Amino acid sequence: MSDDFEEQLNGWLEQVTNDATVTPEEQAQITGAGAEVFAKSLEQHTPYDANRQHKHLRDSIIFDPGKTVDGKAGDTDVGFTENKAYIARFLNDGTKKMVPTHFREEAEADSKNSVLAAMEAKYRELKGE
């Protein structure tokens, strides 16, 4: 009887370990799913000027699943291209003479639940649940 109980506990431990462990590649896919949802929300919240002649800030939103500025494996950064990021910061945070819009914070707040849902769905897909 103790051997049977030990086998059950070992089986349970193996299942929990498998469910709790994600490889950096799987983590990149999971965070990438959330990043895609957040990028769409950020695009909707980014201020837009229809009279603008050049590339708009909304068109400069980028993300690459599994890639970060600091090289952390499995994480995904969402942001603006290198030549537009400073403009986004001025618009979001304001300047001495410009009122801040806080569009990034609004995008984060509005998309928090949908980002988590997308990441959970991707996790369940990868784990076969």
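Select Thr31, which sits in helix H2. Helices here are DSSP runs of H or I with at least four residues, strands are runs of E with at least two, and both are numbered from the N terminus. This is a predicted model, in which local features need pLDDT of at least 70, side-chain atom pairs count only at pLDDT 80 or more, and totals for chains, interfaces and linings use all residues. Residues are numbered from 1 along each chain as its sequence is written, and side-chain values use heavy atoms, with hydrogens and water left out.

Is Thr31 buried or exposed? Its relative accessibility is 15%, so Thr31 counts as buried. Buried means under 20% relative accessible area, exposed means over 50%, and partly exposed lies in between (1.4 Å probe, protein chains only).

Next, show what surrounds Thr31. Leaving aside neighbours within four places in sequence, Thr31 is in contact with Gly74, Asp75, Thr76 and Met119; contact means heavy atoms within 4.5 Å. Then pick Lys67: Thr31 and Lys67 are 36 residues apart in sequence, and their C-alpha atoms are 9.9 Å apart in space.

Now select the whole of H2, residues 24-45. At 1.5 Å a residue, its 22 residues should span 32 Å, and the end C-alpha atoms are 30 Å apart, which agrees. The expected span is 1.5 Å times one less than the number of residues. Buried residues of H2 include Ile30, Thr31, Phe38 and Leu42. Which elements do the buried residues of H2 pack against? They pack against strand E1 (61-63), strand E2 (78-80) and helix H4 (103-127).

Move to His102, in the loop between helix H3 (85-93) and H4. The phi of His102 is near 55°, a positive value in a residue other than glycine. Most residues other than glycine have a negative phi. His102 is partly exposed, with a relative accessible area of 38%.

Finally, zoom out to the protein chain. Four helices and two strands make up its secondary structure, in the order α-α-β-β-α-α along the sequence. The radius of gyration of the protein chain is 21 Å, well over the 14 Å that the globule rule gives for 129 residues, so the chain is more spread out than a compact globule. That radius is taken over C-alpha atoms, and the rule is 2.2 Å times the number of residues to the power 0.38. Along its principal axes, the C-alpha trace spans about 75 × 25 × 25 Å. Of the 129 residues, 26% count as buried.
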